[in-house]
Amino acid sequence: MSFVHKRVLFLIVHLVSDYYDIESERQLRHSSQLAWANDLIEEHKSSIDAIVIIGHSPPSTLNRDFFSARYGGISTTIEKLDIPVVYIHGSGHKFVEEQRFNSLDNFLRIQVPGRQANPVRVSFDKSKRFYFDFNDDSIVTECCLDGWPGTT
């Protein structure tokens with residue numbers, strides 16, 4: 001599923017990161033999700049100011065083919081963009097912020113709290129900051145306080 005809302009491209013991906021999954025199925029799923037995401041980014045890149053990728057699986061060796069530039073993953077596309085990108089996922093059941101995800105200045109990873117957590121609202125402003133509102137208190141990501149590196 002994907003949509004553009006207020007110049008932000010949202011991509012919902014289905015990644016597999018369990019050892020009990022069949023490797024060939026996992027690779028096929030990841031390669032099709034990667035091609036789909038790259039096609040959508042290419043289609044919308046001139047009309048968007050940010051990208052939000054939403055999934056369940058945390059980054060791992062089992063899905064590095066989707067993320068890592070070394071394996072031809074989505075980081076190869078993201079590193080060519082001059083817009084912020086955030087990957088939001090669950091599965092870890094506590095809040096985690098990883099700046100410079102996959103060593104890219106414009107790629108942020110957020111793990112949201114799980115199970116008993118409130119829904120999260122993601123906001124994005126003109127200074128290229130992402131805000132996360134968990135319906136009990138707001139969290140502003142540290143990396144975005146002064147805008148994204150290399151932007152004015």
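Which residue stands opposite Phe 3 in S2? Keep that one in mind while going through the points below.

1. Confidence is highest in S2, at 94, and lowest in strand S9 (residues 138–140), where the mean is 52. Over residues 148–152 the pLDDT falls below 50, although that stretch still has 13 contacts in the model beyond near neighbours in sequence. Where pLDDT is low, the predicted coordinates should not be read in detail.

2. Now the overall layout. The chain has 3 helices and 9 strands, and reading along the sequence gives β-β-α-β-α-α-β-β-β-β-β-β. Of the contacts with a separation of 6 or more, 56% are between residues 24 or more positions apart. Buried residues make up 39% of the 152 in the chain.

3. Next, the sheet. It is an open one, made by 6 strands in the order S1-S2-S3-S4-S6-S5, with mixed pairing. At the edges stand strand S1 (2–5) and strand S5 (96–98); each has a single partner strand, so one side of each is left without a neighbour in the sheet. Neighbouring strands are turned by 15° against each other on average, direction ignored.

4. Back to the opening question: Phe 10 is the residue in S2 that stands opposite Phe 3. S1 and S2 pair in the antiparallel sense, over 4 bridges. The two strands form a hairpin with 2 residues between them, and Lys 6 in the turn has a positive phi of about 50°.

5. What packs on this sheet? H1 does, touching S1, S2 and S3. The direction of H1 makes about 170° with that of S2.

6. The largest nonpolar core has 22 residues, and the members that touch the most others are Leu 11, Ile 51, Ile 53 and Ile 74. Two or more residues each come from strand S2 (8–12), helix H1 (23–44), strand S3 (50–55), helix H2 (64–67) and strand S4 (85–89). H1 gives the most, with 4 residues. As a general matter, nonpolar side chains in soluble globular proteins tend to be buried together.

7. Leaving out residues up to four places away in sequence, Ile 51 touches Leu 9, Leu 11, Ile 41, Leu 81, Ile 83, Pro 84, Val 85, Val 86 and Phe 130. Another core, of 11 residues, lies apart from the largest one; among its members are Ala 50, Ile 88, Ile 110 and Val 112.

8. Is Asn 106 buried or exposed? Asn 106 sits in the loop between S5 and strand S6 (107–111). Its relative accessible area is 11%, so with the cut-off for buried at under 20%, Asn 106 counts as buried. The side chain of Asn 106 reaches the backbone oxygen of Leu 81 at 3.2 Å.

Note on methods
Residues are numbered from 1 along each chain as its sequence is written. This is a predicted model: local features need pLDDT of at least 70, side-chain atom pairs count only at pLDDT 80 or more; totals for chains, interfaces and linings use all residues. Side-chain values use heavy atoms; hydrogens and water are left out. A nonpolar core is a set of buried Ala, Val, Leu, Ile, Met, Phe, Trp, Tyr and Cys residues joined through side-chain atoms within 4.5 Å. Buried means under 20% relative accessible area, exposed over 50%, partly exposed in between (1.4 Å probe, protein chains only). Contact means heavy atoms within 4.5 Å. pLDDT is the predictor's confidence in each residue, from 0 to 100. Two strands pair if DSSP finds at least two bridges between them. Axes are lines fitted to C-alpha atoms, for helices over the stretch in contact, and angles run from 0 to 180 degrees between N-to-C directions. A polar contact is a pair of N or O atoms within 3.5 Å; within protein, one must be able to donate a hydrogen and the other to accept it, and residues adjacent in sequence count only if both atoms are side-chain atoms.
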